[in-house]
Structure formats: C-alpha cells, structure tokens
Amino acid sequence: MDYRVIKENDLFLMTDRNGDIPEGDVSGQGLYTKDTRFISRMEIRINGQKPILLSSAADENYISTIRLTNPHMEEKGELILWRESVEIERTRFIYDGALYETFNLTSYYPKAITFDFSVLLDADFADMFVVRGFQHGDLGRKTAEKSGQRERVIGYLGADDIRRETKIKWDTNESRIGETGELHFDVELSHRESHAIAFYIAPIVDGNEPQQHDPAEAMVKLRQSYADWNGSSTSIQTDVPLFNKLHHRGVQDLRVLLTDIGYGAFPVAGLPWFSVPFGRDSLITALQMLSLNPQIAKGTLLTMAAYQGQNEDEWRDEQPGKVMHEIRYGELASTNQVPFTPYYGTIDATPLFLLLAAEYYHWTGDAQFIKELMPHLNAALAWVKEYGDCDDDSFVEYYQKSSKGIANQGWKDSADSVVHRNGDYAEAPIALVEVQGYVYQALTRLAPIFKSLGHEEQAAGMEQDAEQLRVRFERDFWMEDEQFYAIALDKDKKRVDSVTSNSGHILMSGIASPERASAVAKRLVAPDMFGGYGIRTMSTEAAGYNPMSYHDGSVWPHDNSVCLLGLSYLGFQEEAITVMQGLLNAAAKFEYYRLPELFCGYDDSLGAPVPYPVACSPQAWAAGTPLTFVQALLGLQPNALTKQITIKPSLLQGMNELLVEQMQIGSGALSLRVTRGINGPEVEILSNLTGYELLIS
C-alpha cells in the first residue's frame, strides 16, 4: 500500500507512508468521521526540512509506528545538523472517537544538539463525495479559529447548519507559532536523550466531543479489546504457515473494520472510502464470518433492519421492506444533495438479508432472535414479491429511478459490467443470475424455520414460490452452447450471454440441477475462468473481457469465496481446493499476506498477481475470504432444526493438520482436529458443547 490507514469504530486516518498528509494531496488522505474530513493537512519538519523515512509498518490496523530521521543540514560550510542524528518515532492510534499521536525524538549525535521541530495541522471539513470528486454542491464555510494554552480549535458551519470542529491539543509548550499556523518546538537533546510531544485530535459534531483519555491507559484498553476479540472468536491453526498468516490477517482486518452505530458490531465495507454501513458488503462479510463469530451476523442484521425501507421514494430508490445499499452522513447527504440517507439502489441486499437471517439461525439456534426479527423478515419477503418482481415473472430485477443513483445495482455495479456476447451493454430492468440464487436460498432455508415457529401457511407459500422460481430459472438462464448460466436477463428477457463468475454464486443456493451445477463447477476452474490466482469475474473468451477492468476479467477474493462455499456445499472438493490454493498463492505476493479488494485477472505465468491501482485495503469481504476456507475444508453445515452438524473434511495439498478450537455453534462451541490419514482425512472431536449431533462422512 502507498498509504497508511488506522481505524477504530467510526473514525479513521489515512496518510502517506511517512505519516503525513501533504499540502495539495489529491489522493484523499485525512482524518475522517461521519463522511467528513476533520484533518486535511498534517506535516512535520525538522529545521524546516522534511524527514527521511526509515520504516513504516502497517501490519497492525489499530496502531501505526513510523520511524524517520533528519537529512544532512549544512549551510555555507557550517554544520547545522549531521545526517541521521535524530530518530523521530511517531506512534498513533485511535480510541473512543479521537486520534492520539506521539512524536518521540531521540538524539544519536555524540554531543548535545538543538533543533526546531514543527507540526502543521489543518482541516477543510470536506465531504467525502467532494474529496473523491464524485459530487459538488452548496457547502458551508470555515468559522473563526479559537486558540488557547496548548490548544487550537478549527471550526466549520455546514450548509446543513451542523457545526463541525477539530480540537487539537498538545502537551508541550510551543516556542512559537508560524505564519501558516505551524507549531514550532525548540528541542535540546544530549546523546541518547529522548523527548516526547503528544497530540490529541478530536472531531466534534454539534458539540459532541469525545472524552480525552490518558494515552497509555487508552492504549491498554485498545489492546485488550483486540485480545477480547481474538478470545471470543474461533481459533485456527494448521501446519501450513501461509494459511495461518492469511487467516490471521483476515481476522485482524475484520476486527478493525467493525463498527457499532447502536445496534451491535457489524463490518463496514472497507478502507478508506467505504467505512460506513453497506448493505451488500456488510451482509456477505457477516455470512463469511459465521464460522468465526456468528454474533457479528446478529449486529449486521439489526443494523440493516433499523434502516429498512419504509416509503416509496424514487430519489433514494427506496421501497417498503427494501434493505439499504449505503448510508452517508456528510454535508451533501444531510442537505439532500445526494440520496445516501440511506440510498437503497441495490437489488441483492434484501435477499441477502433474508439469507443471512436463515444461516445465522442454523449456526446458533437462536429462535428468539428470529421471532424478534420477524416483522423485518416479512417486510423483506413482501418487497421481493411486490417490488423486486414487479412483472410477476418470478425473477427479481432492478431499474434505477434516482437521478443520482446507481445504474447497475448488483455487486458488479460498474457501468460496463453486464454485457452481451456481442459487446452490447444490457438495458434495465435486469435480472441477475446470482440474485435469483440468493432469493431461492432465502426462501428454501427460511421456509422450514417459519414452519417450526408456527407459520405453516406462509412457509408453504414460500416453498411454492421457490419451486416456481427454480423451474423458470432453469428454463430461462441456461446457455446450452456454453453449458453455463447467463449473467442476467435484460429488459426483453433475453439472456445476457457472457460467461462470468456470477453464476458460481448460485451453487450455494441449490437452485441448479446436479448436472448443471457440475458443469458450472468445472467451468469455474477451466483456463478461461481460472488463471492460477483465482476465478476471474469474466471469461477470457467473452467480448467484454479485460484483465485490467474493475468487473470484467479481474479477480475478486470475495467473489471466489461465495463460489467456494457453493463448491463445498455440493461436494466439489477438488475444484474448491484449486480455488483456495490459487488465492493462497496470490496472498503470498501481497503486503502482510492481505488479500485486497481485487486484483487484475492476468494468469500466474507472470509470477505474481498484478495489483488493481485503487483497490481498497483492508476490505471487509476480502478479509472474510480466508474464513470461508475453514468452512470449505471442513465441509461443515450446521442445521438448527435437526440439531445436527454435517462434516465432510478435506485438506489442501501439503496440509497434514487442521486444528479448530472454540467454533461457536448452537448452545456452545466445537473443537476438532483434522489430520491426513492413509485413507483420507480423519476427524478427532476434542470437544462438542454445541448441543448438535455430529455427522462425519
């Protein structure tokens, strides 16, 4: 990564590798909360010169340590400061809504030295949409600054009449304040002597100021929260170091992406641009996380339920029962200049909401929660029938109505992502293949749950709708010449006949016949779809294929993970192992073994995956991908209705042991070990407190 980012709950900081936010930066660096940039410039200097970077670590998402030193300083033959005399260690973290940064200055010059250390901070309070260059509009203005002893407050009055402020405090008296507002500190140090200057930076919205903590105490509490997270989550260990590193990276990245806006922890979509509730991304990530910590699914469902559509509002593409796409909190949103308050232009979030509720129940057996969620489930089911399928053909379709909304409303939401074999773009209304699978899975998985709760007539109707959808889906989406499902049906109900990864998503739903599911599984790992590092989003034989594109030939780890769950559910273990091994090979080439949002779709003959220039990292459903490896290798499927867990284990090549501890299922936890035996994988049950019977095959 060319940037450094840390986050905690609803506040995140993005800087360059030096830890600075330079003047004139166009990449969007800054300190953000509520979709507003509260610090837009952050630069340090030693004797007026930019320090030289020594190291910049980004392996821990909640704390960043950056080491720098001084350049050689000499004027007219007179030594001012010998090169590399001063070590500048800047340590920063976020806790309880504020940024804490300490500059620790240490001298390694053999004699006493003095130098000027300066810090320049400023805030522009720019809306996230403005920062990214997507929208402009009527905006507010900066107000008079206030300064006090070791304190500065920068103010802003928005066009929405909301007062926003950035409070900056420091613990050392400055020697002077420069013309542009930079703080200067005269520092005198002997050999090996250190001096620390600590800063506290707090975003304030309408007077709501976070509490300032002692930095050392805050750091202890922050580290403890990570220890608690790891302790409450499934522990995984194998004899393959790369697998362990990838899984650990995913778990830690997911922790930093968790946010709670009042309904329980849920994963935001990704950093830096999508640190907000995001229907599709949050729901799929929570689905991936069921094997790690199913309580995240509960927080995600409650958050989505809180913002479920209530009205018909074309500006926001809102309809009753619809689950949101994305919510924004900045100035443009709160003045209704953009429709993201929230915006509902997504076709898959509502069926994914239903699907996640069903899968959460099977993992936990939490019938009481399903009862509490029932009004929201019924509203979502009603939306599927009344609004999602407005022409009553059993297929759920999308059509943009908002003038500032999104045209393509599936997960491949770029303008060129739904393309016919001849290169023409499909026209809406569009029925996406994966969405029909999500709907089918939601109906078939929820129906028996509803029946068990006494809603027999409704359950029977859901089963009837699911069967009707299955029959029509098989008739209308199958491409006989390709032995594959089309990506979509267009406005004329014509197949959009490109071969894409979307069809892999239906494998986990059960909507495909066994023969066709087998054909799809084989095609996903054929050379035109699988280049060695993962399943491509589009076949190399398709007219729209472009390995450098966002959605038409690139590789998305989360896309692979959903395909992987389906391959595992249906017993296509060889194909599943191929996909997992490819992603492991890719992860080995990325910084800190972190799978990015996406990478280019070139094959592995290049020797390394080609990065996509503006991929988010860390990104939630990319981080959640290695978690699905565990579920796929175990072939694990819990069923709360029968109180059974089926396990059909497999192991990667070179993997001889998979240890799983404290996987939360039912009323307790499951711990087991899978080892490679003479006749195949062998399972040793270490502890089963789930209340479920284990069926091992």
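User: Which backbone oxygen does the side chain of Lys412 reach, and how should I read such a pair?

Analyst: A polar contact is a pair of N or O atoms within 3.5 Å, where within protein one must be able to donate a hydrogen and the other to accept it, and residues adjacent in sequence count only if both atoms are side-chain atoms. Here the side chain of Lys412 reaches the backbone oxygen of Thr537 at 2.8 Å, and it also makes a polar contact with the side chain of Ser501 at 3.2 Å. This is a predicted model, in which local features need pLDDT of at least 70 and side-chain atom pairs count only at pLDDT 80 or more, while totals for chains, interfaces and linings use all residues. Residues are numbered from 1 along each chain as its sequence is written, and side-chain values use heavy atoms, with hydrogens and water left out.

User: Is Lys412 buried or exposed?

Analyst: Buried means under 20% relative accessible area, exposed over 50%, and partly exposed in between (1.4 Å probe, protein chains only). Lys412 has a relative accessible area of 4% and is therefore buried. Its contacts (heavy atoms within 4.5 Å), not counting residues up to four places away in sequence, include Asn502 and His551.

User: How far is the C-alpha atom of Lys412 from that of Asp552?

Analyst: The two C-alpha atoms are separated by 8.9 Å, although the residues lie 140 apart along the chain.

User: In what order do the strands of the open sheet lie?

Analyst: Strands of a sheet pair through backbone hydrogen bonds, either parallel or antiparallel. In this open sheet the order is β27-β28-β32, with mixed pairing.

Key
Pairing = 2+ DSSP bridges. Helix = DSSP H or I, 4+ residues; strand = E, 2+ residues; numbered from the N terminus.
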